[in-house]
Amino acid sequence: MRRIELRGKLIVFEGLDFTGKSTQVEILAARLRETGFPVTMTREPGGTKLGETVRQVILSKEHMELLPLSELSLFITCRAQLSAEVIEPALAAGDVVVSSRYRLSSLAYQGYGRGLDLRLIEWMNEIATSGRRPDVTFLLDLSAEEALARRGEKRDRIEQEDLEFYRRVRTGYLDLTTGDKSVCKLDAAAPIDVLAGEVERFLDL
Ligand code: TYD
């Protein structure tokens, strides 16, 4: 992708927990700003006032009763708010939007992980984002074993899921992105600077 084409584009980082998405979002945003691009950084769930409140509900272990469908609805709520309040206005203004997670997370986690119908999720995603798809997705791929080996003692409601759950989510990410030319799969076991270099090269920065 040529530099000039990056304005008004949505770049998303996806992958299991503990794969270093937020680090790569920050490095890329800094690099883009240095190069002179206006940048908006976002994260899901969250990134809006309502979204940050809902994030706390989703991740809190106070709410172990959350059903898969309730969980999906809350992620979709966050996505709809973020899309309308932040992402679409920023893209319209010509910013490069760099986001940690987007639609694919719900398909991988709530679809493959929790077993909800992928068509239902895709339909909700489509409505929540007004049909917006990422221009580029960087999938930080890591085995479930390696991802969980990076997990500390302090865990939120989702991070405390077992190895099988994370295996299903990883399979989901791989299945859902196979053959998609807008997806750049990276080995998240690589050092931070190596990954950042690969991201820059892919974007021709
Ligand atoms: P994230 O913010 O990436 O975690 P952290 O800030 O701890 O690195 O995401 C929070 C959790 O929400 C993560 O376990 C993945 C999960 N998630 C879903 O299950 N579905 C979704 O649609 C999204 C956006 C996140």
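Reader: How many helices and strands are in the chain?

Author: The chain has 8 helices and 5 strands. Helices (H or I, at least four residues) and strands (E, at least two) are DSSP runs, numbered from the N terminus. The model is predicted: local features need pLDDT of at least 70, side-chain atom pairs count only at pLDDT 80 or more, and totals for chains, interfaces and linings use all residues. Residues are numbered from 1 along each chain as its sequence is written, and side-chain values use heavy atoms, with hydrogens and water left out.

Reader: What pattern does the chain follow along the sequence?

Author: Read in that direction, the pattern is β-α-β-α-α-β-α-α-β-α-α-β-α. The radius of gyration is 16 Å, close to the 17 Å from the globule rule for 205 residues, so the chain is as compact as a globular protein of that length. That radius is taken over C-alpha atoms, and the rule is 2.2 Å times the number of residues to the power 0.38.

Reader: Where does the ligand sit?

Author: A pocket is found on a 1 Å grid over the protein atoms alone, as an open set of points where a 1.4 Å probe fits, with protein on both sides within 12 Å along at least five of seven lines. A molecule sits in one if more than half of its atoms lie within 2 Å of its grid points. Here the ligand sits in the largest pocket. The elements giving two or more residues to the shell around the ligand are α2 (49–59), α3 (68–92) and α4 (103–113). The largest share, 4 residues, comes from α4.

Reader: Which residues come nearest to the ligand?

Author: A residue counts as near if one of its heavy atoms lies within 4 Å. Of the 15 residues around the ligand, Asp17, Arg55, Arg101, Ser106 and Gln110 come nearest.

Reader: Which peptide bond is cis?

Author: The bond from Glu44 to Pro45 is cis, with omega near -10°. Pro45 is in the loop between β2 (39–43) and α2.

How values were computed:
1 Å grid on protein atoms, 1.4 Å probe; cavity = no way out; pocket = protein on both sides within 12 Å on 5 of 7 lines; lining within 4 Å.
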